[in-house]
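Have the viewer open and follow along.

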Amino acid sequence: MEVKTKVRRPLQEIYGEIADVYEATNHVLTLGLDRGWRRRAARRAAAGGGTLWLDVCSGTGEMAQNLSRIAPAGTRLVALDFSRPMLSHARTKAMDAPTSFSLGEVAHLPFPEGRFDLITISFATRNINLSREILTATFREFLRVLKPGGRFMNLETSQPRNSLVRGLFHLYTALVVRRVGRRRSGSRSGYAYLAASMRNFYGTEELAAILRTAGFASVSVKQLLLGASAIHLAVKADVSALESGEPKTRPLTG
Ligand SMILES: C[S@@+](CC[C@H](N)C(=O)[O-])C[C@H]1O[C@@H](n2cnc3c(N)ncnc32)[C@H](O)[C@@H]1O
């Protein structure tokens, strides 16, 4: 299934407009559940170790901050986003690991290949694009900058499998997310777009298939709140280890 959402305004403009209220509005809309989901996703992502981690579409830096709290000594973090106002909120966050901030676009990451042990993204994949082709190309860009054996963690809203739960979820996005977001931010089109992107995003198996098509191996999924959100973990296969007869990926834990 190919899903499409009409984006009337450039996303950078939308995020510039809602940056000051984005984080608090999220906590209201999820009744605070998003905090726990980020913590849980960060723990799963961090379990594989490594010394250089990249959080893309970092926004106000909540995932980067969670990662910094559990990063082993010696780990460095990079938080990347294309919205200057969102990133300026991230810069004010107390980070427990050395963190640098990068203004950049995920389609063309400003890093050489094979650089990172871990890439994370939270609640932003559906913003990159809903087209299967564009998402595949973006995941290939993530693969380019990951080291062999490096991991990708994706935390995103999803589609509950149960049709009744899915119906209630869609009703919630249409009635609550759209209206409360608009009231709190003053942005009519911003939260209309965000609510529509939640309804139209892929289910867990579809997203797993896109990750595999892009070239990721060992894709695993953990559903949250009856499938309203999900954590995908995926690995860049280590071809050299495969050739030498060692396991081709590190085991996924967490
Ligand atoms: C819904 S917010 C998520 C922020 C944060 N990761 C979180 O967990 O709350 C989406 C973020 O992705 C950024 N973004 C969207 N598309 C992007 C792209 N193509 N390149 C870089 N950043 C992008 C936006 O600027 C925004 O800050």
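## How α1 meets α7

In this predicted model, helix α1 (residues 11–29) and helix α7 (residues 163–185) pack at about 135°, and their axes sit 9 Å apart. Angles over 145 would count as roughly antiparallel and 65 to 115 as roughly perpendicular, so α1 and α7 come out as oblique to each other. As for handedness, the α1–α7 crossing is right-handed.

Who does the touching? On the α1 side, it's Glu 17, Ile 18, Val 21, Thr 25, Val 28 and Leu 29. Helix α7 answers with Val 176, Val 177, Val 180, Gly 181, Arg 184 and Ser 185. Sorted by class, the α1–α7 contact has seven nonpolar residues, three polar ones and two charged ones.

## How α1 meets α8

Helix α1 also packs against α8 (residues 188–200). Here the angle is about 105°, with the axes 9 Å apart. Since 65 to 115 degrees is the roughly perpendicular range, α1 and α8 are therefore roughly perpendicular.

Ile 14, Glu 17 and Ile 18 make the contact from α1, while Ser 189, Gly 190 and Tyr 193 make it from α8. That splits into three nonpolar residues, two polar and one charged.

## The nonpolar core

The largest nonpolar core has 59 residues. Which ones have the most contacts inside it? Those are Leu 67, Ile 119 and Phe 216. Helix α8 supplies the largest share of this core, namely six residues.

Zooming in on Leu 67, and leaving out residues up to four places away in sequence, its contacts are Ala 42, Ala 45, Ala 46, Trp 53, Asp 55, Leu 77 and Thr 120.

## Two positive phi values

Most residues other than glycine have a negative phi. With that in mind, look at Phe 123, where phi is positive, near 50°. Phe 123 sits in the loop between β4 (116–122) and α5 (125–128).

Leu 225 lies in the loop between β6 (217–224) and β7 (229–235). With 16 C-beta neighbours inside 10 Å, Leu 225 counts as partly exposed.

Definitions and conventions:
Residues numbered from 1 in each chain as written. Predicted model: local features only at pLDDT ≥ 70, side-chain atom pairs only at ≥ 80, totals over all residues. Axes fitted to C-alpha atoms, helices over the stretch in contact; angles between N-to-C directions. Helix = DSSP H or I, 4+ residues; strand = E, 2+ residues; numbered from the N terminus. Parallel < 35°, antiparallel > 145°, perpendicular 65-115°, else oblique. Left-handed = near helix turned anticlockwise from the far one by under 90°. Contact = placed C-beta atoms within 7 Å. Nonpolar A, V, L, I, M, F, W, Y, C, P; charged D, E, K, R; others polar. Core = buried A, V, L, I, M, F, W, Y, C linked by C-beta atoms within 7 Å. Buried ≥ 20, exposed ≤ 12 C-beta atoms within 10 Å, placed from the backbone.
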